Amino acid sequence: MDPVTDMGWKQPVVPEASVIGITSEPMAELVGRCEAGISRRFPALDAGAGARLRNRLAHELGIIERLGFASYFLTVAEVSAMITGMGVRAAARGSGASSLVNYLLGVSHVNPLAHDLIFERFLSQDRSTLPDIDIDVESAQRHNVYHRIFERFGAERVTLMSMQNGYRARGAVRDAGMALGLAEEDIGAVAKQLWRFSARKFREALAEKPELREVAERVEGNRQLDLLVDLTERLDRLPRHISMHPCGVILGDASLLDRTPVQPSGLGLPMSQFDKHDMDPMGMLKLDVLGVRMQSAMAYALQEVRRLHPTKADTVAAGAHPPGPDGQGPDYVREDGSIELDAVPLDDAPTYDLICSTYTLGCFQIESPGQRELIGKLAPREFNDLIIDISLFRPGPMKSDMVRPFLEHRHGWSPEVYPHEALRPVLAETHGVTVFHEQVLRTFDVFTGCGLAKADELRRLLGNEDAESSVEDYFRTEAGKRGYGAEVIDKVWGTLKAFGSFGFCKAHGAAFAVPTYQSAWLKAHHPEAFLAGIFEHDPGMYPRRLLVAEARRMGIPILPLDINRSGAQYRVERVPAVPATPGHPARPEKLGIRLSLAGIYGLSAAELRRITAGQPYDSLADLRARARVGRKTLQRLASLGAFDSLARDAGTGASRADLLHHLDAAPPRPAARKYDPIPGQLALPLGDTELENLHPALPEPTLREKVRTELDLLSVDVSAHLIDSYGPLLAELGVTKARDLMELRNGSEVLVAGIRVATQTPPMRGGRRVVFISLDDGTGCVDCTFFTEAQEKTGPLLFGTQLMLIRGLTRRTGPRGISMQALEAWDLNDTSSLPRPQRGRLVGPNSSG
């Protein structure tokens with residue numbers, strides 16, 4: 001059997017020409033579509049820019065033709081057009097953004113000429129395998145997109161890709177514990193303490209990590225638990241099962257199912273038993289269609305803008321958009337009030353003002369504590385700054401200390417240093433610091449004359465112990481031939497060697513920077529719609545409650561649950577103006593966000609559908625009859641205030657407690673008979689006699705009780721922030737609010753308190769673990785850094801405590817940035833352990849004074 005002729009070994013197979021809708025030769029079709037794309041993407045070009053575009057296009061098309069990949073590009077373009085034709089937001093990510101052909105075909109939204117991206121980082125004439133073009137789509141639509149791909153190309157030409165799922169620490173502990181017959185609660189007690197380390201280092205972690213002290217004590221002297229540790233370490237990375245890959249779709253011709261075994265996926269669509277490592281050898285076209293929640297959030301925000309503002313003038317006024325060339329508003333706002341987000345210019349000043357303010361919670365890629373600190377220092381003012389920011393905030397640049405010199409050079413705190421003047425054009429945009437893969441390619445090319453295609457092959461070998469020495473020999477030899485001195489060669493090679501596999505592809509950074517900018521633009525111009533989209537699709541790293549606090553900070557009302565106003569989604573509503581009264585100033589009309597019924601714990605999908613289908617309701621009896629909700633659901637709705645408006649209309653003054661007592665005591669109602677109304681007949685509004693006969697007897701729940709109920713049933717504190725109920729205690733302790741930290745000098749010792757909203761343990765340059773904990777206190781987010789000593793002091797509270805009190809030192813991180821170096825932490829609910837104030841200083845609970 002010949003692997004090549006009989007199996008198509010390493011021979012890429014794409015769908016037939018007729019399937020992708022072309023009748024001419026594929027290369028001619030690709031050229032024609034690129035020509036059409038030029039007039040669409042570049043309607044006005046001067047002679048110089050036009051010549052550069054033509055040269056670049058000829059270069060790319062020449063490589064594509066030599067490799068025979070025209071059909072591949074046309075297939076990806078067909079999939080991309082199909083997705084956008086569904087009304088789904090889509091954007092290319094990865095090195096595919098380096099391609100002018102992809103930009104002209106509409107696959108990518110990044111102009112590679114504007115950002116000096118290198119095609120060879122994506123595809124070169126030395127490559128025999130298909131390149132990767134990844135497409136981000138709305139996460140809420142991903143499965144619909146998969147089904148549509150199967151329909152469009154035929155089930156015989158499409159299958160999903162699988163992936164091997166290997167054991168990690170928690171999964172290994174749970175499976176090994178069950179095999180040993182340990183009690184489920186004992187297994188859970190161990191598993192929940194495991195935090196981001198590999199299973200094979202379980203015993204090492206028990207000895208080193210302070211949060212595992214209690215687990216280590218339990219293991220010591222317990223033979224079964226000791227065996228559990230051994231088994232867990234031995235299971236590390238072993239395959240457990242295969243599952244559907246989160247984004248891989250395989251396309252081929254009608255012979256695809258003859259070349260791959262398939263099995264049903266959890267989605268019901270066939271899934272190949274091959275994984276990503278088998279794609280190139282088996283000649284399969286893999287397309288990554290990745291569901292991105294931020295794309296869904298932005299799509300939802302745009303829908304809300306259009307719903308609220310049905311004309312262009314309304315949208316322009318609401319979003320404070322520029323007047324445009326004709327004075328009627330910018331071209332990206334259509335006449336029906338909708339916004340073409342991909343047409344928004346990338347130089348909007350209010351957007352960069354928001355980014356520089358570091359108030360970027362909810363924004364794609366720039367909301368983490370580290371990123372907020374970095375953008376505060378970097379202060380982006382143009383799109384390329386965003387590309388650099390995103391590229392710097394990666395493990396490689398962080399580990400190899402690229403960030404500090406870049407910032408010092410950018411702001412003029414230290415002079416820019418170039419290893420050689422020949423590298424000034426290569427490194428000028430990053431002030432002499434090597435950040436991008438593209439800069440490594442150009443450095444190789446400048447010093448050796450190898451060409452960008454070979455330079456990319458050399459870059460891939462950096463960090464490879466077996467191959468790096470041969471790369472070094474080649475570099476030194478060729479650079480010497482070109483007249484560079486030994487000292488310069490040493491210095492440049494040192495930079496390349498340190499770069500290794502670190503750094504970031506600029507095309508990746510550019511592709512990421514597009515939704516980063518777009519999300520910040522929406523937050524700057526349409527914050528209510530943007531946050532509604534964030535609440536609805538939950539795309540970021542923080543819980544929804546922190547973003548509710550962010551809405552409060554921005555002055556956006558969070559409107560409570562209401563049985564007639566709340567729906568299955570978070571919606572933006574107009575809050576009517578309030579006239580002035582004695583002692584209270586007038587409040588203008590503004591926009592608020594109405595909470596969704598879908599967020600209620602225990603409300604089934606069927607009940608939600610029935611409730612929303614029957615709105616509005618004029619009484620509890622009406623709700624029972626038409627929505628057929630159970631008693632527990634009625635009680636949950638009542639405790640959350642969803643019936644407050646019905647009670648007000650009834651005019652009895654009954655409290656939520658009265659209503660809950662009534663619902664608890666009332667016998668179950670028989671199910672109402674389903675009937676069809678006579679066409680044209682109006683419902684008779686009888687009012688809510690049930691509520692009218694309810695007499696007030698019990699007090700309204702306290703604010704703290706309401707907040708606790710909201711957290712239990714919604715996981716969001718709406719009426720007030722939970723930390724507000726600790727106000728007297730925090731005032732006694734002298735706790736500083738997040739909003740007041742900016743007023744303090746660097747190195748000030750303070751106490752902060754709040755609810756943990758994020759915990760991170762990113763890789764650090766020194767190799768030692770650093771834990772970052774973000775607290776929300778209702779006035780903002782406090783980012784606290786725990787180094788080794790603080791971790792030791794904090795012990796098991798480090799990962800398990802939600803309400804925290806932290807003592808630390810302020811760290812100024814730029815004009816708009818401040819964080820804390822933690823020194824010690826306590827559980828805010830454990831009052832016996834809290835420090836007590838004494839004569840202007842804090843004394844620990846076990847202190848003698």
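Colleague: At what angle do helix α13 and α25 pack?

Modeller: This is a predicted model. In it, the axes of α13 (residues 293-308) and α25 lie 11 Å apart. The crossing of the two helices is left-handed. Their packing angle is about 35°.

Colleague: Which residues of α25 make the contact with α13?

Modeller: From α13 come Met294, Gln295, Met298, Ala301 and Leu302. By class, the contact of α13 with α25 has six nonpolar, three polar and no charged residues. The α25 side consists of Pro515, Gln518, Ser519 and Leu522.

Colleague: Are α2 and α3 roughly parallel or roughly antiparallel to each other?

Modeller: Helix α2 covers residues 26-41 and helix α3 covers residues 47-67. Their axes come within 11 Å and cross at roughly 160°. Angles over 145 degrees count as roughly antiparallel. Therefore α2 and α3 are roughly antiparallel.

Colleague: How many charged residues are in the contact of α2 with α3?

Modeller: Helix α2 brings Met27, Leu30, Val31, Cys34, Glu35 and Ile38. Helix α3 brings Leu53, Arg54, Leu57, Leu61, Ile64 and Glu65. The contact has nine nonpolar residues and no polar ones. Its charged residues number three.

Colleague: Is the crossing of α2 and α3 left-handed or right-handed?

Modeller: The roughly 160° between the axes of α2 and α3 is one part of the description. The sense of the crossing is another. For α2 and α3 it is right-handed.

Colleague: Why are α16 and α17 oblique to each other?

Modeller: Helix α16 (residues 369-378) and helix α17 (residues 383-392) have axes that come within 11 Å. Only angles over 145 degrees count as roughly antiparallel, and those from 65 to 115 as roughly perpendicular. The α16 and α17 axes are therefore oblique, crossing at roughly 140°.

Colleague: Which residues of α17 make the contact with α16?

Modeller: The crossing of α16 and α17 is right-handed. On the α16 side are Gln371, Leu374, Ile375 and Leu378. The residues of this contact divide into five nonpolar, one polar and two charged. The α17 side is Asp385, Asp389, Ile390 and Leu392.

Colleague: Which residues touch the most other members of the largest nonpolar core?

Modeller: In soluble globular proteins, nonpolar side chains tend to be buried together. The largest nonpolar core here has 125 residues. Helix α25 (residues 506-525) gives the largest share of this core, 10 residues. The members that touch the most others are Leu392, Phe444, Ile611, Leu623 and Phe643.

Colleague: With which residues is leucine 392 in contact, leaving aside its neighbours within four places in sequence?

Modeller: Leu392 is in the contact of α17 with α16. Two of its partners, Leu374 and Leu378, are among the α16 residues of that contact. Leaving aside neighbours within four places in sequence, leucine 392 is in contact with Leu374, Leu378, Pro397, Met398, Met402, Val403, Phe406 and Val435.

Colleague: Which peptide bond is cis, with omega near 0°?

Modeller: Most residues other than glycine have a negative phi, and most peptide bonds are trans. The loop between α28 (605-614) and α29 (620-627) holds proline 616. The cis bond runs from glutamine 615 to proline 616.

Colleague: What is phi of lysine 10?

Modeller: Lysine 10 sits in the loop between α1 (3-7) and α2. Lysine 10 is exposed, with a relative accessible area of 51%. Its phi is positive in a residue other than glycine, near 65°.

Colleague: What is phi of glutamine 365?

Modeller: Glutamine 365 is in the loop between α15 (349-357) and α16. It is partly exposed, with a relative accessible area of 26%. Its phi is again a positive value in a residue other than glycine, near 75°.

Colleague: How far apart in space are glycine 21 and glutamate 78?

Modeller: Glycine 21 lies in the loop between α1 and α2. It is exposed, with a relative accessible area of 52%. Glycine 21 and glutamate 78 are 57 residues apart in sequence. From C-alpha to C-alpha, they are 8.4 Å apart.

Definitions and conventions: Residues numbered from 1 in each chain as written. Predicted model: local features only at pLDDT ≥ 70, side-chain atom pairs only at ≥ 80, totals over all residues. Heavy atoms only, no water. Axes fitted to C-alpha atoms, helices over the stretch in contact; angles between N-to-C directions. Helix = DSSP H or I, 4+ residues; strand = E, 2+ residues; numbered from the N terminus. Parallel < 35°, antiparallel > 145°, perpendicular 65-115°, else oblique. Left-handed = near helix turned anticlockwise from the far one by under 90°. Contact = heavy atoms within 4.5 Å. Nonpolar A, V, L, I, M, F, W, Y, C, P; charged D, E, K, R; others polar. Core = buried A, V, L, I, M, F, W, Y, C linked by side-chain atoms within 4.5 Å. Buried < 20%, exposed > 50% of the residue type's maximum accessible area, 1.4 Å probe, protein only.
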